[in-house]
There are 2 protein chains.
Amino acid sequence: MVRAPHLNIVPFVSVDHMMKLVLRIGVETFLKELAGYVEEDFRRWEVFDKTPRVAAHSAEGVIELMPTSDGQLYGFKYVNGHPKNMREGLQTVVAFGALSDAGNGYPMLLTEMTLLTALRTAATSSLAARYLAPKGARCMAIIGNGAQSEFQAMAFKALLGIDRLRLYDLDPAATAKCARNLAGQGFAIETCRSPEEAVEGAQIITTVTADKQLATILTDNMVGPGVHINAVGGDCPGKTELHPDILRRSDIFVEYPPQTRIEGEIQQLPPDYPVNELWEVIAGKREGRRDARQITLFDSVGFATEDFSALRYVRDKIAGTGLYEELDLLADPDDPRDLFGMLLRCQKAVA
Amino acid sequence: MVRAPHLNIVPFVSVDHMMKLVLRIGVETFLKELAGYVEEDFRRWEVFDKTPRVAAHSAEGVIELMPTSDGQLYGFKYVNGHPKNMREGLQTVVAFGALSDAGNGYPMLLTEMTLLTALRTAATSSLAARYLAPKGARCMAIIGNGAQSEFQAMAFKALLGIDRLRLYDLDPAATAKCARNLAGQGFAIETCRSPEEAVEGAQIITTVTADKQLATILTDNMVGPGVHINAVGGDCPGKTELHPDILRRSDIFVEYPPQTRIEGEIQQLPPDYPVNELWEVIAGKREGRRDARQITLFDSVGFATEDFSALRYVRDKIAGTGLYEELDLLADPDDPRDLFGMLLRCQKAVA
């Protein structure tokens, strides 16, 4: 564990340091180890203080805070979602977050989480697929080739051995970018001209489109028996990707039902429609995939515990790397009651 | 306004920079100007997206997130409350926060808020007193001489012209510290041996003790007619300072009733007990002090809009001062869909 020399100093992982940390560990190893932390926290799901994210909606998008705690540690993430940003050359989603000691409330890590969110989302998707996808799956369709697509591909390679990709995006430039970035990473890649073509022969279908609308990326006739659907893009009210008929044919697995019923694909279904909780599968309390013809669906929206796992992982990995700065974030006078005196001493020192 | 050269770079105000900013502006001017921002935002109270703070309770304390937005800007504060920290030489409360552009979700300021919270709490108290305290008040009792006490004194001097202080704390060392820190700041200071002695002749009584308990710092017979009570310390469930009989004799003014009924002194009263909203007084929709014999009570718990005002103020004031660092907080590749490519380019640059 990283112990800053003084409690008032908080280690900060910048975007540059996060990239270097990921590269030093290796993308696939990072994703595999991170999935291990996510799995560990899903297994002890019941200890977490859980709440749906706290959202502030504006005309153009949403800013959310996602806190959780296991009683020992507390983590939260700040994350926005502004679909129109992409057209202005900005990220749709940027994020940062902190991990704290729940025992004294002092933050112990502050970090960029734009990259880290992409990594934890992919790690969680591939972790779910390890319990839900058909055995021996090697071919995955990725519909939507934006910022999250390559991370999904790398995670499914690292955790499941996926080595054939079928890419499709409304915008061929996005597909070309995705194929270019994944060249030399050990995939056989087909770029496809339609969603129908993309799903041909795929045992796993990942949908990860970005536009905020009730879209129908997949229609019912496109999904054959035995397929695992990894539905990542439908993740806020009014943003879905699947035709509801597919949902009715699938066994649906979700992170935290109260949040997923608002934000996920299942917002299209009645509020009491039966769904399975992923943590129960991971903890061995519920069956994942039962047979080869079953359609499984991971209706992923991203939950605070996954960010908590990612914060824990980064805190453990930066020790000894030098890949962080020390931020003078917390006022911490020697006598805790003497906050004003700190100001006076600063005045003397400056004068 | 500070414009970082690139949107991915976020200005960060450390504790050291905050102290220097406060000293450069001057403590009293800072408090006066900050109270102006708080007043401005109370005046347009209705435009804010309001929610009680989001709290994670543990055995030893609480960690809270306090978000709000006026539709254009979004702000949040992270703040803890761990009463036992003081016994371990730590701050009871530490805080940091961010201000963002609600239109694209990008943070535009990250700052320490431990000092800033002490300043905004005092600014808000003195602002409320300007509307509620008896005209011409010059003498204030401060019961509880911990970290917040000097800030209260300075704000009441700056905004109301208070120049006589009567200090009391269970721990005489705290009183001595407070008196020492305020020496030479233009006050006549009496240190008192009991709360009863402290309130003698005071037109304003500030209670700002730190222990988490249902305490009775003030009993009914101690509060004479015409007094304004500035109740700052009772600010979470199970933590109060006033005997309920005082509340029943007072006209009570609060920030955001749904939060104050849980956290404030009025947690001791029935949930429908009539209270006045401070913003209505400031906006001229409701009378503040009516007469010279009325007891007024500001039941302060601290609300997210006050932090929002403080974030706005700091953002406006740091421009051109150099009193901030530039944090590489947000991953922002040239092509927003090419997050993974940013990682690949970093790899090439490092290799």
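This is a predicted model: local features need pLDDT of at least 70, side-chain atom pairs count only at pLDDT 80 or more; totals for chains, interfaces and linings use all residues.
A polar contact is a pair of N or O atoms within 3.5 Å; within protein, one atom must be able to donate a hydrogen and the other to accept it, and residues adjacent in sequence count only if both atoms are side-chain atoms. Side-chain values use heavy atoms, with hydrogens and water left out, residues are numbered from 1 along each chain as its sequence is written, and chains are lettered from A and ligands numbered from 1 in the order in which they are written.

Within chain A, the domain assignment (bounds from an automatic or database domain assignment) gives domain 1 (9–115 + 305–350) and domain 2 (136–302). The C-alpha centres of these two domains of chain A are 27 Å apart. Contact (heavy atoms within 4.5 Å) involves 20 residues of domain 1 and 22 residues of domain 2 of chain A. The two domains of chain A bury about 1,900 Å² between them, with carbon and sulfur atoms giving 66% of it; buried area is the accessible area (1.4 Å probe) that two parts lose on being put together, summed over both. On the domain 1 side, the residues losing the most area to domain 2 are A:Glu28, A:Trp45 and A:Arg53, which together account for 28% of what that side buries.

Five residue pairs, both members at pLDDT 80 or more, are in polar contact between domain 1 and domain 2 of chain A. A:Glu28 forms a salt bridge with A:Lys157, with 2.7 Å between the closest N and O atoms.

Between the chains, 81 residues of chain B are in contact with 80 residues of chain A. The area buried between chain B and chain A is about 7,000 Å², and carbon and sulfur atoms give 71% of it. B:Arg337, B:Phe340 and B:Leu343 supply 12% of the area that chain B buries against chain A, more than any other three residues. Polar contacts between chain B and chain A number 30 residue pairs, both at pLDDT 80 or more, and the salt bridges between these chains number two. In a salt bridge between the chains, the side chain of B:Asp171 meets that of A:Arg337 at 2.9 Å, N to O.

Key: A salt bridge is a side-chain nitrogen of Lys or Arg within 4 Å of a carboxyl oxygen of Asp or Glu.
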